[in-house]
Number of protein chains: 2
Amino acid sequence: MQTIAIAGVGLIGGSFGLAARKAGFSGTILGVSSPRTIEKAIARGAIDCGTTLRDAAGAADMLFLAQPISVILETLRDLKTEAIVTDAGSTKAAICNAAKSLSRFVGGHPMAGKEISGVEAAEAGLFCGRPWVFTSEPPAELRELVASFGARILVMKAEDHDRMVAWSSHLPQLVSTALAGAVHRHAPDAVAVAGPGLRDMTRLASSPWDIWRDIIATNHDNVYAALDAYIARLESLREGLDAEFERASCFNRELRERQ
Amino acid sequence: MQTIAIAGVGLIGGSFGLAARKAGFSGTILGVSSPRTIEKAIARGAIDCGTTLRDAAGAADMLFLAQPISVILETLRDLKTEAIVTDAGSTKAAICNAAKSLSRFVGGHPMAGKEISGVEAAEAGLFCGRPWVFTSEPPAELRELVASFGARILVMKAEDHDRMVAWSSHLPQLVSTALAGAVHRHAPDAVAVAGPGLRDMTRLASSPWDIWRDIIATNHDNVYAALDAYIARLESLREGLDAEFERASCFNRELRERQ
């Protein structure tokens with residue numbers, strides 16, 4: 001493999017380039033991003049030079065799409081290439097569907113991230129020890145490269161991936177967002193007595209909307225099925241606790257009546 | 001102040017004793033707990049010796065109740081003492097109500113904790129920088145002692161405290177418990193693709209039921225008001241996102257139809 005091209009040289013794309021270099025890849029790494037990002041990515045050593053998507057598609061043996069989901073979908077719309085193509089989108093079914101016309105595409109999802117984005121935050125070790133999902137068995141070169149990053153490779157159907165991440169990632173995001181919104185709306189003064197619990201539970205709420213709008217737009221049915229089941233669970237938890245709490249508050253009422 | 005008594009020498013009670021010593025308290029520190037706990041607490045230097053509640057109530061200038069809420073309520077039922085009495089219960093209205101007959105009681109809530117409990121986990125610095133709520137202006141000796149721990153003293157009505165912690169602490173607990181339960185029930189396989197988000201969002205779910213059964217039993221109305229408002233928020237968030245997502249998924253459908 002002589003040439004890798006990375007479209008979208010941000011946190012994930014930049015880390016891919018740094019990880020490939022650290023793993024000993026000695027070929028050329030091309031980047032497709034804004035001129036300002038290309039400049040920073042070259043300075044970081046994540047890529048060798050910038051190019052257009054068209055030229056990258058022609059020159060690369062492997063093309064890694066690390067853009068936002070909606071941009072990946074746009075990119076795939078007109079993409080023609082003989083290269084191995086994979087991506088880093090957080091949902092897979094819509095992207096795999098959009099990539100049908102490509103002969104050597106395998107959907108991917110490196111399950112690694114950070115709260116800060118951009119190539120400035122990229123690091124060679126970002127994928128180490130983290131799961132990296134492929135939607136079908138990847139070509140040997142791709143599997144070897146990703147394995148050399150220290151990632152744990154998982155192969156599963158795009159539909160299975162999307163159902164699972166709706167529960168493990170997208171629902172927790174909505175739960176956190178709603179909790180932050182509810183406290184802000186109903187008890188802003190409660191921040192004075194807030195501890196690490198509330199801080200942990202609302203950390204996700206600071207995730208940028210523009211990223212997960214795309215995520216949830218492309219995983220709508222799974223996310224709302226999970227949200228419905230969660231709301232039902234809260235309702236039943238409430239009933240379940242009621243019974244238990246009723247006994248306990250009888251005990252407390254009794255105690256206080258005895259004062 | 002010559003003698004402090006601590007009822008319930010666990011994480012909070014033990015840390016109170018260690019913090020008092022570190023702050024230079026040179027009088028006697030009595031402990032009221034099980035023989036095994038007393039032994040460990042003396043070994044840790046958190047107390048000087050064990051005694052009964054009755055003897056502690058007679059001998060102490062200040063009595064600190066650091067037991068579970070239901071045990072504090074029981075203790076207060078029969079307590080007769082001239083000492084300054086305060087407590088560490090996580091809810092305040094029920095306890096303050098149960099303490100009406102005591103002339104020198106002020107409700108307290110040191111908002112500090114750890115995931116491990118017991119005097120083994122106690123530390124002199126546990127309260128440093130953390131809020132410590134009192135339900136009325138504490139006597140000078142108590143205020144000075146707690147201030148010497150480095151705690152941030154807040155004075156508020158018991159009812160205001162209970163309303164605020166329902167939002168800042170008790171609701172996040174239920175939200176986390178329900179999330180863990182829902183994922184376990186509906187998508188146990190999603191753990192394979194879980195990241196730090198789900199881990200953070202379910203960390204509270206490991207809290208021991210016996211502690212927060214008491215908490216929620218004594219803050220029932222506030223907790224369920226918060227839970228209802230949160231469920232309503234999830235419902236409206238869902239509707240709110242629907243509109244936004246509908247636009248985005250039209251965009252995606254359009255893209256995919258163009259393949």
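Trainee: Which residue in β2(B) is the bridge partner of B:Ile4?

Mentor: The model is a predicted one. The bridge partner of B:Ile4 is B:Ile29, in β2(B). This pair belongs to the strands β1 (residues 3-7) and β2 (residues 28-32) of chain B, which run parallel and are joined by 5 bridges. In general, strands of a sheet pair through backbone hydrogen bonds, and the pairing is either parallel or antiparallel.

Both strands sit in an open sheet of chain B with 6 strands and parallel pairing. Read across, the order is β3-β2-β1-β4-β5-β6, which places β2 between β3 and β1, and β1 between β2 and β4. At the edges of the sheet are β3 (49-50) and β6 (105-106) of chain B, each of which pairs on one side only.

Now for the contact with the other chain. Chain B is superposed on chain A by a rotation of 180° with 0.0 Å of shift along the axis, at an RMSD of 0.0 Å. This is the relation of a two-fold axis. The two copies use the same surface, since 100% of the contact residues of chain B recur in chain A. In numbers, 76 residues of chain B are in contact with 76 residues of chain A. Together the two chains bury about 7,000 Å² between them, and 68% of that area is on carbon and sulfur atoms.

Between chain B and chain A there are 4 salt bridges. One of them joins A:Arg163 to B:Asp189, with the closest N and O atoms 2.7 Å apart. The interface also has 6 residue pairs in polar contact, counted where both residues have pLDDT 80 or more. On the side of chain B that touches chain A, several elements each supply at least two residues, among them β8 (131-134), α7 (158-186) and α10 (220-257). The largest share, 22 residues, comes from α10(B). By type, the residues on this side of chain B are 45 nonpolar, 14 polar and 17 charged.

Salt bridges are also found within a chain. Over all chains, the whole structure has 16 of them. A:Lys40 forms one with A:Glu120, where the closest N and O atoms are 2.7 Å apart. That pair links distant parts of the chain, 80 residues apart: A:Lys40 is in helix α2 (residues 35-44) of chain A, while A:Glu120 is in the loop between β7 (108-110) and β8 (131-134) of chain A.

Note on methods
Residues numbered from 1 in each chain as written. Chains lettered and ligands numbered in written order. Predicted model: local features only at pLDDT ≥ 70, side-chain atom pairs only at ≥ 80, totals over all residues. Heavy atoms only, no water. Least-squares fit on C-alpha atoms with pLDDT ≥ 70 in both. Contact = heavy atoms within 4.5 Å. Buried area = accessible area lost by both parts, 1.4 Å probe. Salt bridge = Lys/Arg side-chain N within 4 Å of Asp/Glu carboxyl O. Polar contact = N/O pair within 3.5 Å; in protein donor to acceptor, adjacent residues only side chain to side chain. Helix = DSSP H or I, 4+ residues; strand = E, 2+ residues; numbered from the N terminus. Nonpolar A, V, L, I, M, F, W, Y, C, P; charged D, E, K, R; others polar. Pairing = 2+ DSSP bridges.
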